[in-house]
Amino acid sequence: MATIKTFEDLDVWKHAIEIATDVYLISNTTKLKQDFEMKAQIKRAACSISNNIAEGFEYDNRKDFIRFLKIAKGSAGEVRNQLIILQRINLLDEKEINSLKEKCVSVSKQLKGFITYLQKYPDKK
């Protein structure tokens, strides 16, 4: 197993960055660009996923890292929820929605697995 030295080494962080990038792209190229409040909210939630992974990692403390991973997982759920709303009000099409939702579900599963893994090992004293 490779040694993780920075949060940029984490695959889950890399996938979270993809979500944020995709959200930024669709928010500037679809009908969503006219809904300033929803656009701002989904962009904040999408960035929050990778931001919380990075912030938690930098604390160098397992308990805090797990807490921030849980927040990141919640943000992935928030993005999925907003995507469902955007689909129902016809601001995004099904293709755009499904691709992003799949990425959010995948990141949520990765975060859950990572949290479970970290919880199995007690902090070193």
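What percentage of the 125 residues in the protein chain do buried residues make up? In this predicted model, buried residues account for 40% of them, where buried denotes under 20% relative accessible area, exposed over 50%, and partly exposed the range in between (1.4 Å probe, protein chains only). Residues are numbered from 1 along each chain as its sequence is written, and side-chain values use heavy atoms, with hydrogens and water left out. Because the model is predicted, local features need pLDDT of at least 70 and side-chain atom pairs count only at pLDDT 80 or more, whereas totals for chains, interfaces and linings use all residues.

The protein chain comprises 4 helices and 0 strands, in the order α-α-α-α from the N terminus; helices (H or I, at least four residues) and strands (E, at least two) are DSSP runs, numbered from the N terminus. Its C-alpha atoms fill a box of roughly 55 × 20 × 20 Å along the principal axes. Of the contacts (heavy atoms within 4.5 Å) between residues at least 6 apart in sequence, 69% join residues at least 24 apart.

Asp22 belongs to helix α1 and Lys103 to helix α4 (residues 94–119), so the pair ties together parts that are 81 residues apart in sequence. Lys103 is partly exposed, at 27% relative accessible area. The salt bridge between Arg67 and Asp64 has its closest N and O atoms 3.3 Å apart; these residues are 3 apart in helix α3 and are thus separated by about one helical turn. Arg67 is partly exposed at 43% relative accessibility, as is Asp64 at 22%. Salt bridges with shared partners also join Glu18, Asp22 and Lys103 into one network.

Lys39, located in helix α2, is buried yet lacks a salt bridge, and Asp35, the nearest side chain of opposite charge, is 9.0 Å away. Apart from neighbours within four places in sequence, Lys39 contacts Ser27, Asn28, Leu32 and Lys33.

On the surface, Glu8, Asp9, Glu58 and Asp60 gather in a patch of negative charge; patches consist of residues with over 30% relative accessible area and no salt bridge, like charges being joined within 9 Å and nonpolar side chains (Val, Leu, Ile, Met, Phe, Trp, Tyr) within 5 Å. Asp60 occupies the loop between α2 (36–58) and α3 (62–88) and is exposed, with a relative accessible area of 69%.

Conventions. Accessible areas come from the Shrake-Rupley method with a 1.4 Å probe; for residues, only the protein chains shown count as cover. A salt bridge is a side-chain nitrogen of Lys or Arg within 4 Å of a carboxyl oxygen of Asp or Glu. Lys and Arg count as positive and Asp and Glu as negative; His and the chain ends are not counted. The place of a charge is taken as NZ of Lys, CZ of Arg, CG of Asp or CD of Glu.
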